[in-house]
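Me: Hi! I've just opened this one and would like to talk it through with you. Could you help me read it?

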Amino acid sequence: MAEQNELPSFPLKTKSIEMIAEGKALKMLPRAKVWKTEDGKVIKEMQFPTTFVGLAQTKADYEYFSKRLGDSVAKSYFVVGEGSNGKPTNLIIQTEIKGRALRDVPDEELKSNQELRDNLIKFFSGCLTMWDEDSRMPDIYGRFANPRATTNIRIEDATNKPYLTDIIASERYFSKNSPLPYRVINQKVIANTRSFIKNLNRQVTY
Ligand SMILES: Nc1ncnc2c1ncn2[C@@H]1O[C@H](COP(=O)(O)OP(=O)(O)O)[C@@H](O)[C@H]1O
Ligand SMILES: [Mg+2]
């Protein structure tokens, strides 16, 4: 019966829920409102896509990433539920990854923690294979197109495992064939991913 406990109960407006990301964003870059439940689940209210077909596509993208990158992709459930505004809203439900965003892990720690480095090399190498074979990539954008600075990958404290928690990355915007400016940004992110892997291998990390 364990699976029955996987999903939190609805409606979503309860005292047990705390907001952890506000979802403020530029028009072109809709961000989720992210909530945490008392029982260790994270609920993302999606501002886009808003349709059921869009939710199904997001789920298909997630399944593709999971196939490619294995259990480093945070297990996600896709449902249409009630948003905090009381309206029907697409929701993604995940287990809370207790740890830090990759951006917030200091260089010193990357240098001294070989297990974490090995896990990151494996994860990012998987991203490069995906790019080379299928022309696609997950959303590993960070500041200055550097995946080292992404908040979309969280490192679990207890295991040193990286998890891709932001699993939304449509083929339209995250591929070799994306319209400008995304195509150029994607190429930069991939180039920076290659250098990051090299630096991790040499234990130089910035
Ligand atoms: N599974 C998770 N466990 C813990 N924190 C999470 C999880 N998913 C997201 N977060 C937190 O919420 C923030 C926003 O989530 P994300 O999925 O990146 O949405 P968006 O990019 O649309 O804002 C993340 O930077 C992270 O701090
Ligand atoms: Mg994000």
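**Helices, a ligand shell and one leucine**

Reply: Happy to! Helix α4 (residues 182–202) has 21 residues and at 1.5 Å a residue should span 30 Å, which agrees with its end C-alpha atoms being 30 Å apart. The expected span is 1.5 Å times one less than the number of residues. Helices (H or I, at least four residues) and strands (E, at least two) are DSSP runs, numbered from the N terminus.

Me: Before we go on, what kind of model is it?

Reply: It is a predicted model, in which local features need pLDDT of at least 70 and side-chain atom pairs count only at pLDDT 80 or more, while totals for chains, interfaces and linings use all residues. Residues are numbered from 1 along each chain as its sequence is written, with chains lettered from A and ligands numbered from 1 in the order in which they are written.

Me: Thanks. Back to α4: which residues are buried there?

Reply: N186, V189, T193, F196, I197 and L200 are buried in α4. They sit on the same side of α4, because they cover an arc of only 100° around the axis. That arc is taken from the directions from the helix axis to the C-beta atoms. Buried means 20 or more other C-beta atoms within 10 Å of a residue's own, exposed means 12 or fewer, and partly exposed is in between, with C-beta atoms placed from the backbone.

Me: And what's on the face turned away from the buried side?

Reply: That face of α4 carries the exposed residues V184, A191, K198 and R202.

Me: What do the buried residues of α4 pack against?

Reply: They pack against α2 (107–112) and α3 (114–134). A contact here is two residues whose C-beta atoms, placed from the backbone, lie within 7 Å. After α4 comes Q203, with a positive phi near 60°.

Me: Let's do α3 then. Which of its residues are buried?

Reply: R117, L120, F123, F124, C127 and W131 are the buried residues of α3. Seen down the axis of α3, they fall within an arc of 135°, so they line one face of the helix. On the other side of α3, the exposed residues are Q114, E115, T129, D132 and E133.

Me: Which elements do the buried residues of α3 pack against?

Reply: Those partners are α1, α2, β8 (162–164) and α4. S135 follows α3, and its phi is positive, near 65°.

Me: New topic: how many residues surround ligand 1?

Reply: Ligand 1 is surrounded by 17 residues, the closest being A21, R31, T151, T165 and D166. β1 (18–21) and β3 (41–45) are the elements that give two or more residues to that shell. A residue belongs if its C-beta atom, placed from the backbone, lies within 6 Å of the ligand.

Me: Which domains does the shell draw on?

Reply: At least three residues come from each of domain 1 (2–95) and domain 2 (99–202). Those bounds come from an automatic or database domain assignment.

Me: One more: where is L55 found?

Reply: L55 is in helix α1 (residues 52–69). L55 counts as partly exposed because it has 19 C-beta neighbours inside 10 Å. Leaving aside neighbours within four places in sequence, L55 is in contact with P49, F78, V80 and N90. The C-alpha atoms of L55 and F78 are separated by 7.1 Å, and the two residues are 23 residues apart along the chain.

Me: And how many helices and strands are in the chain?

Reply: The chain has 4 helices and 8 strands. Of its 206 residues, 29% count as buried.
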